[in-house]
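User: Hi! Could you walk me through this structure in plain words?
Analyst: Happy to. Here it is.

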Amino acid sequence: MTRFTATERPESMGTRGSGGPARVACAIGLGLTAAVAVGGAGCGGEVAAPGPALDVSTPWLLTLDSERRFELTAHRVYEGTLRQEVLDETVLEPLFPSPSGRWLVYWTLPGRDGPRMKLRRVDAAGWSEPIAVTLPGGVTPGRGEWSPTREQLLIQGFGLPSERVRTGEVVVARPRPDGSLATVTLAAGEAAGGARWAPSGDRVVVTRSDGTGRARTTVFAVADGPDLAVTGHEIVPPPGEVFEDIGSATPGARSIAQGTVSPDGRWIAFVLRREHDGSRAITAFSTTGEHSPRVLDGCVVSSALTSPGECTPYAWSGQSTLLVKRRAAGGGEELDAWTPPTGARASLGEVSPTLVETGPFGTLFVVKHEASNACSIVDLADPSAPKATRLAETELPSFRRASGSPGGRWLLLRHVDEASNEGWIDAVDLHAGPGWRSREVFRGPAELARERTRWSSDERAFAIGVPAGDSRERITRIHLATGVATTFEVDWTYGERPDVEYLPRAPWSRVGPDDRTLAIAQEGGLALWPMDRPRETAVKLDGVSASASVEWMPSR
């Protein structure tokens, strides 16, 4: 899911003028008319040599340019015409498109009460006027999160010293086509704390203080209708027990102290401490209150796992099965699968989960056997009787590791032959069903087989990038259906940027969601290059520096 937090910039980065930027749209016919520079006041008249005709369409590219006082501009090639539109100026990083690509959230500065949250809609006709987002009562929003499955925003109040700003406000908002916002308040006041979406995207978990230093957790079910109707259920520990944080955080999830929510949103697991003896237990609660709390028996909770019988929650899998690590009598670590709705519990043996899954509601995940480097695919369709299929290819001495695609369809098995310095990648289609077979999709230098991958949005291809000199990256794209590999080099040219944490992810952020369009440096600026066309057909984005931050709007 997409998460964002407003970040202040120095006051010296003020706006140009007093009336804000003009809303400017520029349409430039490629190969038919000259290129035009885009500025804060409109489309200039600087003429460049006509380029070759480009009868393609690209997704919307957003640029945020520090050399132009953080001016936010949208760029797109549509049927051979380049469109450029200045959306706002003095915009803060980062930008937050909705998962559908229909809406964009961003913050601007200045404002007497701090950063201002704005919302814009984009469709075939272009960009709407900005919507200034405020919470009920005039509270300034400062932190938010898109639902992973809906066009709904979870917003929390921003903690700035102002009479109009209060921390702790928790609101769900839904943008309407007419530009207005439907809102519903889930919590208010200083006592309100963290809030987050459940993986299912239809429930919000809100954690608050009860005034004594102990947490209170309420799960709100949010309707998908226009009125945003909500119903809340507070999670209440049994008498004599309290929520406990054992300092163990599950991968990709919140601390156990705040509870971890099952993929289907129907169960939330905590570690509870019994006040009479200090012992701890893993307890799962129904988020709707339909079922009584379920306790995992025979589990002495400990994050260290130093003694036999000790266990710790790891992560949810399937729809409502909790994976639990446990120290076995023989000294090794075993993995149990516990399903609270039915009470089913099964041991998967001495394995380590890799959490390569078939999407948030899939029943498959991958484990690595402790006694070897081999991996198996585990099917939890029947949680009481998991079925494991060993992957023979992972038993080879050349096997290094397994990784999965974001949507969980593909499993990549990476191999390296140290003697020949050769590497190869096998792919397994997890949607193919039991009897999974791998096939080689790439063979080349060992360094490529070791590198991380970047997947296309449709998961039909993945890319591997390795340094190729100063500011240059050599990218190899592999199409899974054909196994065809295409290699090219790109000059990223960042310019001087103080936020060094941004640099490692910059190359991948410049690959479009269509897995075809790339934002490349060209003559000190940026250009849009359809990678299946000759490089000289790249379309120059005049007025945008090569070091500009970029963000693509997701393709629908």
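User: Among contacts in the chain between residues at least 6 apart in sequence, what percentage join residues at least 24 apart?
Analyst: That share is 44%. A contact here means heavy atoms within 4.5 Å. Before we go on: this is a predicted model, where local features need pLDDT of at least 70, side-chain atom pairs count only at pLDDT 80 or more, and totals for chains, interfaces and linings use all residues. Residues are numbered from 1 along each chain as its sequence is written, and side-chain values use heavy atoms, with hydrogens and water left out.

User: Thanks! How many helices and strands does the chain have?
Analyst: The chain has two helices and 46 strands. Both are DSSP runs numbered from the N terminus: helices (H or I) take at least four residues, strands (E) at least two.

User: And how much of the chain counts as buried?
Analyst: Of its 556 residues, 52% count as buried. Buried means under 20% relative accessible area, exposed over 50%, and partly exposed in between, with a 1.4 Å probe and protein chains only.

User: Switching to rings: how many aromatic pairs does the structure hold?
Analyst: It holds four aromatic pairs. Rings of Phe, Tyr and Trp (its six-membered ring) pair if their centres lie within 6.5 Å; planes under 30 degrees apart count as stacked, over 60 as edge-to-face, and the rest as tilted. One of the pairs is Phe 96 with Trp 107, edge-to-face at 6.1 Å centre to centre and 85° between the planes.

User: Nice. Where do Phe 96 and Trp 107 lie?
Analyst: Phe 96 is in strand E8 and Trp 107 in strand E9 (residues 103-108), so their pair ties together parts eleven residues apart in sequence. Phe 96 counts as buried at 4% relative accessibility, and Trp 107 also counts as buried, at 2%.

User: Why is the pair of Phe 270 and Phe 285 called edge-to-face?
Analyst: Because the ring centres of Phe 270 and Phe 285 are 5.9 Å apart and the planes sit at 75°. This pair links distant parts of the chain, with Phe 270 in strand E23 (residues 267-274) and Phe 285 in strand E24 (residues 280-286), 15 residues apart.

User: Back to strand E8. Is Pro 94 buried or partly exposed?
Analyst: Pro 94 is partly exposed, at 34% relative accessible area. Its place is in strand E8 (residues 91-97).

User: Last one: what lies over the face of Trp 424?
Analyst: Arg 443 does, at 4.5 Å from the ring centre. A charge sits over a ring if NZ of Lys or CZ of Arg is within 6 Å of the ring centre and within 35 degrees of the ring normal.
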